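Good morning, and thank you for the time.

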Amino acid sequence: MWNGWRKRCPNCGKGALLNGYLKVSDQCTQCGQDLHHHRADDGPAYLTILIVGHLMAPLLHIVFVAFRPHPLVLAGVFCVGCLALSLYLLPRLKGVIVAIQWSRRMHGFGGLHDGA
Ligand SMILES: [Zn+2]
């Protein structure tokens, strides 16, 4: 999971897991581990919303109660904050999900039966 968080191959920890922002490489460039078996689907987006929501909702409450900023300032800061945090988390959580699937030999990782 740590390798996934760092967007590295779950097998060797050296090769790049993602090629582009979210596209998972078909194979690890370092060790040749097949990576196209992953089925992350909406998992990373779900986790991102879960984490960002649970961080931002209490934070919004605290900032509002403590500082009473102008509504436009508050909305602006939190829009940018949510967006930045989501874009930061999304590829890392995708790496984590692919790494979990790899470690559990899910979806054809492990090579017993290829394909879906
Ligand atoms: Zn590798």
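**Aromatic rings and the zinc site**

The count of aromatic pairs here is zero, where rings of Phe, Tyr and Trp (its six-membered ring) pair if their centres lie within 6.5 Å, with planes under 30 degrees apart counted as stacked, over 60 as edge-to-face and the rest as tilted. A charge does sit over a ring, however: the charged end of Arg92 lies over the ring of Tyr88, 4.1 Å from its centre. The rule for this asks that NZ of Lys or CZ of Arg be within 6 Å of the ring centre and within 35 degrees of the ring normal.

Before I continue, a note on the source: this is a predicted model, in which local features need pLDDT of at least 70 and side-chain atom pairs count only at pLDDT 80 or more, while totals for chains, interfaces and linings use all residues. Residues are numbered from 1 along each chain as its sequence is written, and side-chain values use heavy atoms, with hydrogens and water left out.

Which residues hold the zinc ion as protein donors? They are Cys9, Cys12, Cys28 and Cys31, each through SG, at 2.2 to 2.3 Å; donors are N, O and S atoms within 2.8 Å of the metal (3.2 Å for Na, K and Ca). Their spacing in sequence is C-x2-C-x15-C-x2-C.

Is Cys28 buried or exposed? Cys28 is buried because its relative accessibility is 4%, the limits being under 20% for buried, over 50% for exposed and partly exposed in between (1.4 Å probe, protein chains only). Cys31, at 35%, is partly exposed.

Ala16 lies in the loop between α1 (2–5) and α2 (43–67); helices are DSSP runs of H or I, at least four residues, numbered from the N terminus. Beyond four places in sequence, Ala16 touches Lys7, Arg8, Cys9, Ser25 and Thr29, contact meaning heavy atoms within 4.5 Å.

Finally, the cores. The largest nonpolar core has nine residues, among them Cys9, Cys28 and Ile97; such a core is a set of buried Ala, Val, Leu, Ile, Met, Phe, Trp, Tyr and Cys residues joined through side-chain atoms within 4.5 Å. A second, separate core of six residues includes Met56, Leu74, Leu89 and Leu93.

Note on methods: Helix = DSSP H or I, 4+ residues; strand = E, 2+ residues; numbered from the N terminus.
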